[in-house]
Amino acid sequence: MLKSLQLREFKSFASEQVEFGRLTLLVGANATGKSNLLDALRFLHGLSLGLSVADDLRGHWEGGRELWPGIRGGPREILRNGASTFALTSRWDSLSPGRLEHAIECTIDPQPAVTMERLTEEGQGEYLYDTHGGSLGTATGLQQGGALNVAVRPAGPGRSARSTVASTHAVLGQIGPGERTHHTVLPGCEALRGALKGALFLDISPRLMREYVPRQMGELGTHGQNVSAILWRECQDHERKRDLLDWLTELCAPEVTDIDFIETELGDVMFRLIEAGGARISARSASDGTLRFLGELLALQTAPERSLVVMEEIENGLHPARVHLLIELIESVTRHRGIQVIATTHSPRVLKALSEESLGEAVVFGRHPAGPGTIARSLSALQHFDEIVKRRGIEELFTTQWLERAL
């Protein structure tokens with residue numbers, strides 16, 4: 001689980017650390033830094049997929065097809081106020097073999113590159129690998145020709161072994177089997193790579209969910225585009241289908257009593273919701289709100305256990321009276337499946353629906369005209385928050401901007 005992320009000179013962040021729980025909602029006015037935080041997580045995700053720093057920031061295409069969209073603003077807007085480098089430090093818990101801390105610093109001039117990177121494991125010595133490890137002497141950091149010297153923890157007593165890797169990519173993706181020292185660091189590297197690769201950045205688009213899709217599609221997709229295939233697979237299990245129907249029955253009016261599918265000779269499928277009274281509503285005519293909720297529902301129920309799911313504006317398309325269903329769903333999967341959810345919201349109803357624990361772990365973002373950048377604090381860390389929310393209610397604190405002023 002991601003415990004915290006420290007950001008330095010990254011977009012609107014001068015130097016700030018954000019703490020996360022099982023469910024962490026990000027709140028605050030527009031342009032305060034919520035989406036910038038998600039961009040930082042996406043950047044780390046892209047590095048774990050093997051992208052170069054340049055491709056991660058700019059986007060990656062092959063054969064005229066976009067394989068990676070890049071980070072908003074690209075390289076020239078990644079640095080805050082003309083800084084020369086930016087740095088991200090993430091801390092992780094419940095990863096095998098133990099608690100990990102990963103720090104990376106990058107530059108964009110003369111080209112995007114890693115200037116420093118370090119991975120440490122609690123209780124396992126100074127580092128697993130470090131581009132500025134003491135055993136490197138003066139041969140630290142970015143070298144002429146774009147190489148990085150890396151100190152790697154050795155298999156036995158003695159000085160750390162050295163490796164040389166390309167600065168165009170994260171060291172994390174370049175540490176692998178084949179060298180005698182690497183088996184001592186591989187478990188930590190693979191655990192972190194797995195956590196980052198497995199993160200799901202969900203951006204549901206009802207427009208892309210309305211068509212036939214091949215029945216064999218194995219993943220929902222970032223935009224929920226494979227919803228009919230995933231729903232078909234889930235409905236092959238009677239208990240899972242019943243669970244889906246229970247959620248949809250609570251959401252929809254009239255009541256949804258069944259789900260069936262239109263199948264083509266080529267093996268493509270499109271789902272239909274059967275309402276009380278017999279009306280059949282296909283994916284093509286389902287409401288945007290129903291499709292959004294269904295996409296989020298399937299994403300949370302099919303994501304691997306203990307994985308990270310990141311979403312923006314989770315209340316979009318939902319009737320205010322149904323927002324509590326989504327929060328109930330999210331808190332259920334974080335509790336029973338170990339899924340971690342980080343999401344943005346502008347809805348006081350979302351905050352009102354949270355359990356006391358989840359409300360305390362929500363993070364408010366703000367900007368102060370005289371301050372150096374984005375400020376982020378957990379609601380439980382705000383002075384007198386518990387007392388005031390009991391007296392005035394979270395909706396009033398939200399709509400009167402008390403939360404932002406409390407920063």
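The legends below describe close-up views of a predicted model.

**View 1. An open sheet of 6 strands with mixed pairing.** The strand order is β12-β17-β18-β3-β19-β20. β12 (200-202) and β20 (375-378) are the edge strands; each has a single partner, so one side of each lacks a neighbour in the sheet. On average, and with direction ignored, neighbouring strands are turned by 15° against each other.

View 2. Val-27 lies opposite Val-364 of β19.

**View 3. Salt bridge between Asp-109 and Arg-76.** The closest N and O atoms are 3.2 Å apart. Asp-109 belongs to the loop between β7 (100-107) and β8 (113-121), and Arg-76 to the loop between β5 (65-68) and β6 (85-92), 33 residues apart. Asp-109 is partly exposed at 45% relative accessible area, whereas Arg-76 is exposed at 63%.

**View 4. Salt bridge between Arg-215 and Glu-263.** The N to O distance is 2.6 Å. Arg-215 sits in the loop between β13 (213-214) and α4 (227-234), and Glu-263 in strand β14 (residues 256-263), 48 residues apart. Arg-215 is partly exposed, with 33% relative accessibility, and Glu-263 is partly exposed, with 43%.

**View 5. Salt bridge between Asp-260 and Arg-272.** The N to O distance is 3.1 Å. Asp-260 lies in β14 and Arg-272 in β15 (residues 268-275), so the pair ties together parts 12 residues apart in sequence. Asp-260 is buried at 17% relative accessible area, while Arg-272 is partly exposed at 22%.

Definitions and conventions
Residues are numbered from 1 along each chain as its sequence is written. This is a predicted model: local features need pLDDT of at least 70, side-chain atom pairs count only at pLDDT 80 or more; totals for chains, interfaces and linings use all residues. Side-chain values use heavy atoms; hydrogens and water are left out. Two strands pair if DSSP finds at least two bridges between them. Helices (H or I, at least four residues) and strands (E, at least two) are DSSP runs, numbered from the N terminus. Axes are lines fitted to C-alpha atoms, for helices over the stretch in contact, and angles run from 0 to 180 degrees between N-to-C directions. A salt bridge is a side-chain nitrogen of Lys or Arg within 4 Å of a carboxyl oxygen of Asp or Glu. Buried means under 20% relative accessible area, exposed over 50%, partly exposed in between (1.4 Å probe, protein chains only).
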